[in-house]
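Take a look at the model below.

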Amino acid sequence: MALSAACSRDAGDADPQGDAAAGAGAADGNVTISGDDSIAERLTWRAPRVVLPEGDEDLAATRARAQVALESGDLDLGVNSAIPLYLAILGRDGDDRGARAGLERALQDLLAQGDQALAGAGDDITALRRAQQVAAVARSLRPADEAVRAYLAKVDRAEQLWELNRSAEGELRAGRLGEDGGGALARVHEVLALSEGQPRAMQTLAAIESALIRRAEDAAAKGDFDDADAWIAHAAKVREDSATIPDARERVAIMRRARVLALRDEAMAALHGADGIERARARLAQMLNLAAPGDPAVVELRERIDLAVHYGNFRPGQRFTDGAGGGRGPQMVVVPHGGFTMGAADDDRDAEDSEKPSRNLRFDRGFALSQHEVTVAEFRRFVDATGHRSRAERRGFSMAYDERSGNFVRRSKADWRTDFSGKVAEGALPVVHVSARDAQAYADWLASVTGQRYRLPSEAEFEYALRAGGSGQYPWGDGAPPAGAGNLTGDKDRSPGGRSWSNAFDDYDDGHWGPAPVGSFSANAFGLHDLAGNVSEWVADCWHDSYRRAPADGAAWVNPGCRTQVVRGGAWASSPVQTRSAWRAPAPVDNTNARVGFRVARDI
């Protein structure tokens with residue numbers, strides 16, 4: 001394209017022989033941008049004043065300087081830039097072909113620089129300012145040129161997008177999200193109508209969605225789940241198929257469920273205070289507004305209100321200890337009364353016949369369970385007080401874990417004092433290498449020194465406490481265990497020698513190989529630890545091949561002289577199948593190993 005030897009005194013064309021063409025324009029050569037970061041609708045450019053020498057040789061040197069600036073990309077910013085130098089030469093000699101050609105190329109390079117600046121102008125004010133400056137220079141040099149006009153249109157569009165994005169972000173900061181029209185959402189839609197998928201607008205769109213989700217979670221945190229649902233519905237309209245919406249709904253659902261359970265717990269705690277029944281009924285009314293029909297927590301609370309008198313001086317979830325032989329017994333937790341479905345569901349493909357038929361049980365009176373398994377230190381107090389010699393001590397061995405083979409092997413001198421591998425055990429570890437009779441002897445001793453009825457829990461009590469109001473395949477529900485669910489077998493677990501499990505939960509690691517100190521993992525909804533892992537536990541029931549003819553009240557199913565008792569609950573070395581809520585296994589009453597311990601129950 002043939003480029004006129006013209007520069008601009010203002011926004012229009014100038015006389016190529018005038019003072020401006022000779023470099024008599026504004027000395028600073030800067031683009032004008034009005035006010036802070038605001039963008040002027042129209043920009044002007046005046047070539048920096050270039051003072052040319054008089055001689056032809058000096059003019060040639062100026063031409064050479066312009067060529068160097070052109071090659072280096074220094075086109076328009078100062079007196080030594082290519083375009084001001086070429087304009088100054090043409091102001092002296094309008095027929096200078098070299099200057100004309102140089103100016104032509106400089107304009108092309110300038111537009112290329114402008115396009116490069118525009119590529120980053122969506123979220124970079126410096127890039128946008130550079131693009132505007134290029135526009136001002138190009139318009140001053142060649143306002144009617146098609147390439148210049150096309151570039152100016154792109155700059156206008158970039159400015160419009162910038163202003164709309166800035167407006168959207170301002171609306172977002174002010175909390176005017178636009179869920180009912182207008183606001184940030186409307187501004188973003190204007191941007192996307194001009195530029196589909198524009199990154200800055202898409203970021204703002206995601207931020208609007210997040211802000212709506214935060215409002216939903218804030219409403220849920222205050223117990224206003226109608227508002228929470230409404231905000232989630234607004235958020236779901238912001239971006240199609242957004243992956244965050246299902247997660248947000250799930251979080252609100254969890255908060256709703258937690259609120260239902262919290263209301264249940266509040267009601268249970270209130271039952272024995274002043275006006276306790278009325279307060280509990282008020283909580284029940286709130287639960288009915290939140291819970292699905294037939295929610296187990298609602299059903300349980302209704303029944304609990306009717307049966308509150310049967311708890312005596314205790315309340316559900318209460319923790320207590322009894323004086324025991326000059327010390328204190330295990331910390332106990334009052335398990336709330338209620339009903340549950342015991343055994344495996346019909347669609348549980350991993351279930352054994354011994355876990356069926358499933359049956360509905362109800363505990364009309366609460367009972368207490370020790371908060372965690374009986375520890376080595378607690379068992380030592382019993383041994384010191386009674387002189388009891390455990391089965392493993394008398395026999396001289398137990399089954400312990402062998403790191404070299406990765407199996408459980410017979411190990412001499414392994415007894416209640418030792419850990420899973422036969423080494424001296426720490427006091428906070430759950431006691432293992434104890435038989436069912438050792439566990440019963442401990443419970444009998446507690447009963448004698450406290451005057452209370454301590455015993456091993458029944459199988460039904462254990463499963464009821466383990467499920468803690470849930471009904472899933474596992475204690476935490478269905479599917480993989482959440483982080484911190486318990487001391488379970490995970491495919492990321494590693495033994496001290498680097499061994500891993502061949503049958504374990506995918507993508508799970510609890511940081512332990514062998515039993516963990518009791519209470520290392522979160523309590524379940526009833527405030528009990530390690531029912532879902534750490535060590536399996538003896539219960540009071542004799543083994544039967546199914547639940548047919550089992551006691552209907554959840555009491556232990558005991559036969560005189562039984563030689564085989566039930567073990568419940570997954571352990572640190574149990575397969576996923578053995579970690580299910582319904583899992584049960586038989587074991588000889590004299591059996592001892594590194595995977596089985598026990599806890600105690602107490603009537604209240």
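Gln198 caps the N-terminal end of helix H7. One of its side-chain oxygens lies 3.2 Å from the backbone nitrogen of Arg200. The model is predicted: local features need pLDDT of at least 70, side-chain atom pairs count only at pLDDT 80 or more, and totals for chains, interfaces and linings use all residues. Residues are numbered from 1 along each chain as its sequence is written, and side-chain values use heavy atoms, with hydrogens and water left out.

H7 covers residues 199–221, 23 residues in total. Helices here are DSSP runs of H or I with at least four residues, strands are runs of E with at least two, and numbering starts at the N terminus. From first C-alpha to last, H7 reaches 32 Å, close to the 33 Å expected at 1.5 Å a residue. That expected span is 1.5 Å times one less than the number of residues. After H7 comes Gly223, with a positive phi near 85°.

The buried residues of H7 include Arg200, Thr204, Leu205, Ile208 and Glu209. Buried means under 20% relative accessible area (1.4 Å probe, protein chains only). Among the elements covering them are helix H5 (146–173) and helix H9 (244–270).

Now turn to the sheet. It is open, with 5 strands in the order S1-S4-S7-S15-S10 and antiparallel pairing. Strands S1 (319–320) and S10 (454–455) stand at the edges with a single partner strand each, so one side of each has no neighbour in the sheet. Two strands pair if DSSP finds at least two bridges between them. S7 (residues 367–370) and S15 (residues 601–603) are joined by 3 bridges. Phe367 stands opposite Asp603 in S15.

Technical notes. Buried < 20%, exposed > 50% of the residue type's maximum accessible area, 1.4 Å probe, protein only. Contact = heavy atoms within 4.5 Å. Polar contact = N/O pair within 3.5 Å; in protein donor to acceptor, adjacent residues only side chain to side chain.
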